[in-house]
Amino acid sequence: MLTRKVKLAELAEEKAMLTPAYAGRSATAPVPKYALPEGEMAPDVAYRLIHDELMLDGNARLNLATFVTTWMEPEAEKLMAETFDKNMIDKDEYPQTAAIEERCINMVARLFNSPEHEDAVGASTIGSSEAIMLAGMAMKWRWRARRKAAGKPADKPNLVMGSNVQVVWEKFCRYWEVEPRYIPIEHGCYVIRPEDVIACVDENTIGAVAILGTTFTGEFEPIQEIHDAVVAHNEKTGFDVPLHVDAASGGFVAPFLEPDLCWDFRLPQVKSINTSGHKYGLVYPGIGWIVWRDKEELPEDLVFHVNYLGGDMPTFTLNFSRPGNQIVGQYYNFLRLGRSGYTRIMQALRENATWLSGKIAAMGPFELLSDGSAMPVFAFALKDGTKYSVFDISNRLRERGWQVPAYTMPANAQDIAVLRIVVREGFSRDMAGMLLTDLERTVADLQAQPPPNPMAPAPQFKH
Ligand SMILES: Cc1ncc(COP(=O)(O)O)c(C=O)c1O
């Protein structure tokens, strides 16, 4: 939300004020909501006012909509609180935070089987969205250089991807003036297929995107097959279309649960990969990572060198200042968990997810679009002929505190509406059992008394 339009009615005097509830104990005077207060207030009063208002937010641990971490160990929280004040961009002032960032980039690159893992080319970002913007720019710059070198026009770049991409890819295309070529998904197949990618590729294609863990169902796209088809097509046509893997969610899952799955830099045409440290990297928001295959894939004129903080500092990020504490939180997890710790956690999450999806499938009214066996995420729809909608279910579950999102699938499966559950650390088998009981009760109630007008979806997701 860039700006919030304050409704006129809200500006009526009493609505534009916060009225303290602890009369006589701390403060009794109302405080303006939309204007900077004239005076000061005691820290405990400010804390109490804000703390109380935030009670109306959903409970993060019952939020099964988000992929983002909602629980970390107390030691990680302590370290992160100790490092809130460090600006990660001030690398000269905070050389150890910079060294830790460097180590993390190398660890992530190694996890993705980078050939350059000793001297990995990458950056930490605020999340996968920033990482994707950087990867997209590098693809566009590289394509433009190839076109110019061949004496060909470079004014009509396009990017090939599924209609199931996260909105950041749409933003990238609009902000950087690249034509998006969306491959529609279909009933029964919610990932893109190699032949559809090839059908969309031409000499103006800056790259193709494959997703390791789609936002809609959590499934892995067939990356090796897409890669092999792109390589064969490049050989036939003389193009040099690179593949980018959007591993926002799966980047910290597949290496531990499916180490033999070939989706990363083991595939030579995979030139860049993004992942979110704040998803299955198990760090509070916001931290993401972008890694390129080698130096060649990151055009030098995208990297700026600044010296006003002392020393030469190469930077390739969209924003500048950012707290160093998320990097520290990521490093804590890497040291604390290691490969075996991440593997144990991911196995436990997968077991929880597949247990829950199995129980939901057995309830009767639902069919699964995915079962949580790739990533601990699954989506399910109501069978035809039900007299209530997934939106009714989502709403009723909310009354018990559970946040289970309902949404429609992208083109060409917009007529399918689903519920999705993201199983994360902190969502125990016990909680899964409680959710199941609430879901069974909700379904029984809705079956006994169907709503006169089943809820329709909110405005559809569309590209
Ligand atoms: C596949 C995919 N790509 C990109 C993103 C954006 O990631 P972030 O929230 O880290 O910016 C998401 C977020 O859910 C995602 O699922």
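## Basis of the model

Residues are numbered from 1 along each chain as its sequence is written, and side-chain values use heavy atoms, with hydrogens and water left out. Because the model is predicted, local features need pLDDT of at least 70 and side-chain atom pairs count only at pLDDT 80 or more, while totals for chains, interfaces and linings use all residues.

## The ligand and its shell

The ligand is surrounded by 14 residues, of which S128, S129, D246, H278 and K279 are the closest; a residue is near a molecule if one of its heavy atoms lies within 4 Å of it. Three residues of this shell come from helix α4 (residues 128-149), which supplies the largest share; helices here are DSSP runs of H or I with at least four residues, strands are runs of E with at least two, and both are numbered from the N terminus. By class, the shell has nine polar, three nonpolar and two charged residues, where Asp, Glu, Lys and Arg count as charged, Ala, Val, Leu, Ile, Met, Phe, Trp, Tyr, Cys and Pro as nonpolar, and the others, Gly among them, as polar.

Seven strands form an open sheet with mixed pairing, in the order β3-β9-β8-β7-β6-β4-β5; two strands pair if DSSP finds at least two bridges between them. At the edges stand β3 (121-125) and β5 (179-183), each with a single partner strand, so one side of each is left without a neighbour in the sheet.

Within this sheet, β7 (residues 243-246) and β8 (residues 270-276) run parallel and are joined by four bridges, and H244 stands opposite S272 in β8.

## The sheet of four strands

Another open sheet has four strands in the order β12-β13-β15-β14, with antiparallel pairing, and its edge strands, β12 (366-368) and β14 (406-408), each pair on one side only. Three bridges link β12 to β13 (residues 377-382) in the antiparallel sense, and E367 has A381 in β13 as its bridge partner.
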